[in-house]
Amino acid sequence: MRREERVNLGACDAAWKSLAAGCLLLGLCLTPRYDTAADDQVRFFRENVEPILVGRCLECHGSEQKGGLDLRTKATALKGGESGAAIEPKQPEESLLYDYVLNEEMPPKQPLSKKEIAILKQWIEQGAHFPDKPLDPFAASTDKRAGYDWWSLRPLSSAAPPEPAGIPAAWNKNPIDRFIYAKLADKKLQPSPPAKRRDLIRRLTYDLTGLPPTPVEVEAFINDKSPDAYEKLVDRLLASPHYGEQWGRHWLDVVRFGESRGFERNEIINNAWPFRDYVIRSFNEDKPFNRLIREHLAGDVIGPGDPEIEVATTFLVSGPYDDVGNQDAAQAAQIRANTIDEIIRATSESFLGLTVGCARCHNHKFDPITQDDYYGLYATFAGVNHGSRVVATAEAKQAHAAKLKPLQETQTQLEQQKRELEQAVTARADQLAEKLQAGWTRPAIKRTGTEETFDPVEARYVRLTVDGVDSNPNGRTGYRIEEFEVWTAGAESRNVALAANGATAEGKSRVAQDFDGAYSARQTIDGRFGARWIAQGPELTITLPQPETINRVLFSSDRSGAAGNHSVATFVSEYRIAVSNDGKNWTEIVNSRDRLPVNDAHRRKRLFDAAITKGEHKQLGDLNRKLREVRGQIAAVAPLPSWWVGNFQQHAGPYHVFGGGNPQKKVQTVVPASFSALDRTAKPYRQEKELPEAQRRLALADWLTADGNPLPARVLANRIWHYHFGTGIVATPSDFGFMGSRPTHPELLDWLAGQLLKTGWRLKPLHKQIVMSQTYRQSSAYREEAAQVDADSRLLWRFPPRRMAAEEIRDAILQVAGKLDKRRGGPGFRLYRYLQDNVATYVPLDEYGPQTYRRSVYHQNARAARIDLMTDFDSPDCAFAAPRRAQTTSPLQALTLMNHDFTLDMSAALAARLQQESGKQNSVQQQVRRGFELCYSRAPSAEESSACATLIEQYGLRAFCRVLLNSNEFIYLN
């Protein structure tokens with residue numbers, strides 16, 4: 001298509017384009033010309049044209065083919081798109097590509113420079129050379145996106161630590177210090193002097209265990225003059241069981257571990273806690289992290305029959321998921337796609353530090369991740385389903401089966417006898433059918449309204465007794481009634497069963513703890529339709545204000561008919577209605593036995609009841625009694641543990657890319673496979689054959705932990721650094737892509753990752769290497785001249801001070817008050833009251849009892865559940881992963897620490913402790929000193945001691961303790 005054929009330009013537009021062309025000629029004069037020989041064309045394309053096409057064009061006109069145009073090959077470029085051929089070789093003026101860039105129509109957001117336009121013109125003039133293979137949009141990184149050569153995708157560097165000139169001797173021992181010092185020297189910065197010993201033990205103890213050091217531990221460290229005193233302290237803390245509680249909590253943040261289902265129902269999960277214990281145990285045992293990754297993804301394959309390994313697959317299903325369901329097939333498919341997407345994001349961000357989820361609808365806009373990569377993972381996780389299953393050893397399963405076997409055999413025999421008896425009665429009942437059915441002359445009951453009329457009778461009480469429910473002929477509970485009307489006889493009939501006129505209604509009701517009276521019997525006489533009584537018993541009794549002469553009742557569960565056959569309007573099917581004047585003596589006035597049954601199941605039940613003899617009825621009762629007994633014995637056998645570890649089902653392919661992320665738009669097929677972006681460093685895999693579901697997950701786990709894969713070790717080393725210093729070498733711990741932060745010390749990061757691999761993926765040696773460094777041990781004191789160069793101390797010219805995490809604050813308060821319950825493991829405690837009806841409600845507790853005084857990591861964290869103290873101090877909602885917690889400062893934090901019942905109770909407990917531990921004299925000065933030692937790991941100055949003594953004399957010891965718990969020094973680490 002010629003340009004003039006595509007659009008008719010006006011005179012002004014033509015003049016503007018002439019001017020633009022003149023400016024372009026000036027640009028051409030400044031652009032060096034290249035020879036037109038074949039080899040030079042190849043070089044010219046590779047060095048000049050390819051960066052433009054890859055960096056500026058292929059984002060839209062590559063695999064996505066916007067406007068039908070694909071510029072990855074010469075053939076597709078010549079073919080063109082919706083507007084025609086994009087390139088006319090040797091004729092730039094006739095080429096739409098040149099026309100669009102010349103007139104700044106493309107790229108739409110940022111036009112090409114004059115030099116870039118000149119390069120494209122020269123390229124077309126030379127014949128528009130293309131390489132034989134299609135252009136790869138990820139071939140090289142640009143200023144717009146990452147390519148295969150992106151820093152985080154490269155192999156780990158093996159470069160030796162630098163040897164900076166003038167480095168102090170103390171800083172020249174640990175390779176970490178040499179990396180840090182070299183960067184500081186580049187910026188003409190000097191590190192800070194070593195921290196005081198009291199500051200250092202407090203920093204290290206909180207860092208490794210999440211708890212404060214005791215005064216005894218502080219004094220022992222200060223008085224230990226041996227050269228390895230600090231190293232012994234490090235080793236002791238790393239060996240503490242509290243280490244796993246602290247660092248396991250960090251990992252639970254990363255993997256979005258929560259103990260409720262999320263979404264609108266948000267039902268609590270009471271059997272996910274074994275995963276929390278598994279994580280803590282794994283950290284304490286210093287389990288190699290590559291093994292932990294493999295167990296997270298395929299523990300059921302790696303350790304079948306070993307609960308301590310199988311529990312690890314909770315990782316896959318520990319995120320939120322929508323369990324409401326949908327009858328629409330398309331919506332159900334979308335919900336399922338959302339569920340698997342959550343697993344994909346958690347896996348890729350936790351272990352790879354890549355936002356793979358962004359490739360769900362299209363190729364990743366910024367990182368070299370394709371839709372094929374994403375849906376390869378989708379195929380891998382297609383068989384993962386949320387839920388519980390039995391996790392036990394083979395021996396435990398055999399022992400359990402042995403206990404159940406004789407009971408189940410007895411149950412089977414009783415059920416067979418019952419079945420034979422019922423079959424005999426049913427055979428006779430069929431012979432009575434014609435005779436009995438002749439008496440069923442009235443219409444069947446209707447949910448929209450069932451009316452009974454009878455001779456006028458005086459009554460103050462009306463009772464409905466239910467003998468069957470429309471969804472279950474043997475059911476007598478679970479039915480709904482929205483209104484039960486009682487009408488007087490006579491010309492001016494009126495409904496006298498109205499609460500507004502003094503009537504009352506009684507009946508066992510379903511209880512909604514979060515909405516008192518939501519389903520009470522009062523709903524039947526409130527004069528409104530829609531809201532229903534949900535019965536938990538077979539009777540409804542209406543009491544009128546005074547005796548009335550009545551002759552009609554009308555009741556319904558769905559007067560409007562909107563509910564149809566839905567269970568929300570389950571109705572009675574068999575009933576009796578009786579009346580009374582005194583509430584003691586009752587007279588039955590009407591029943592449903594002459595109505596048509598609502599369905600065949602109810603018909604058979606009526607015939608069976610009519611045909612059974614007294615002897616058979618007694619025999620059936622005996623069998624039912626024996627069955628109840630044996631079922632009770634079966635229920636009394638301790639069940640095997642059932643944990644929230646997911647259920648895995650074989651899911652047959654083929655698997656497809658979903659166009660735009662829509663499961664209804666299936667495009668090309670995919671198979672479980674590794675990420676193409678890492679094919680150059682890690683050995684790829686591609687499962688062309690249909691393999692067992694478990695083998696897909698195992699292949700992914702093996703690929704993640706393979707020697708050539710640089711990302712998992714790099715990401716993990718950065719996470720460790722992040723938690724030690726408050727910010728990682730990469731400040732975005734779960735995003736090592738283009739939109740993430742760049743590393744401040746890339747060589748150090750690779751060195752740390754290399755050390756992790758050398759020590760067999762064990763974390764404790766890496767911890768020790770870091771905390772033994774002078775970088776970690778330096779003072780946190782502020783220096784103005786250094787801050788002007790590096791305000792956030794990203795280069796670590798000082799140790800970055802930090803406020804303690806929410807859990808650390810709460811646990812420290814309990815610890816110094818002498819109230820911390822150090823029991824480990826098992827089901828968690830709750831700082832909320834759990835209420836459940838159709839949805840779950842989490843109501844924060846007003847008072848915290850001793851049962852809540854455990855470490856915060858054992859709290860049963862539910863999604864979207866507010867916990868006063870911890871939520872105020874930025875404890876994250878586990879609806880999402882939290883690889884980097886928010887750090888806010890708000891008035892609510894100060895108010896909570898000052899006035900919450902928890903801190904008031906702990907202030908009282910601390911005051912009692914100070915009185916007990918302040919020596920024989922128990923003087924105010926001794927109480928002050930002990931308080932400072934417990935809370936600050938130091939003694940007070942003379943001025944502080946005097947001021948605090950005055951405070952105690954005026955306001956009491958509790959007020960002083962309250963001040964301690966509210967001070968910055970208590971909740972900040974230096």
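By buried I mean under 20% relative accessible area, with exposed meaning over 50% and partly exposed in between, using a 1.4 Å probe and protein chains only. What you see is a predicted model, in which local features need pLDDT of at least 70 and side-chain atom pairs count only at pLDDT 80 or more, while totals for chains, interfaces and linings use all residues. Residues are numbered from 1 along each chain as its sequence is written, and side-chain values use heavy atoms, with hydrogens and water left out.

Helices (H or I, at least four residues) and strands (E, at least two) are DSSP runs, numbered from the N terminus. Strand S5, residues 483–488, is mostly covered, since six of its six residues are buried. Glu-483, Glu-485 and Trp-487 point one way from S5, whereas Phe-484, Val-486 and Thr-488 point the other way.

Two strands pair if DSSP finds at least two bridges between them. S5 and strand S8, residues 539–556, run antiparallel and are joined by six bridges, with Val-486 standing opposite Val-553 in S8.

Further along, strands S9 (residues 572–580) and S10 (residues 587–591) are also antiparallel, joined by four bridges, and Arg-576 has Asn-591 in S10 as its bridge partner. S9 and S10 form a hairpin with six residues between them, and Gly-583 in the turn has a positive phi of about 80°.

Finally, just after helix H16, Gly-353 takes a positive phi of about 65°.
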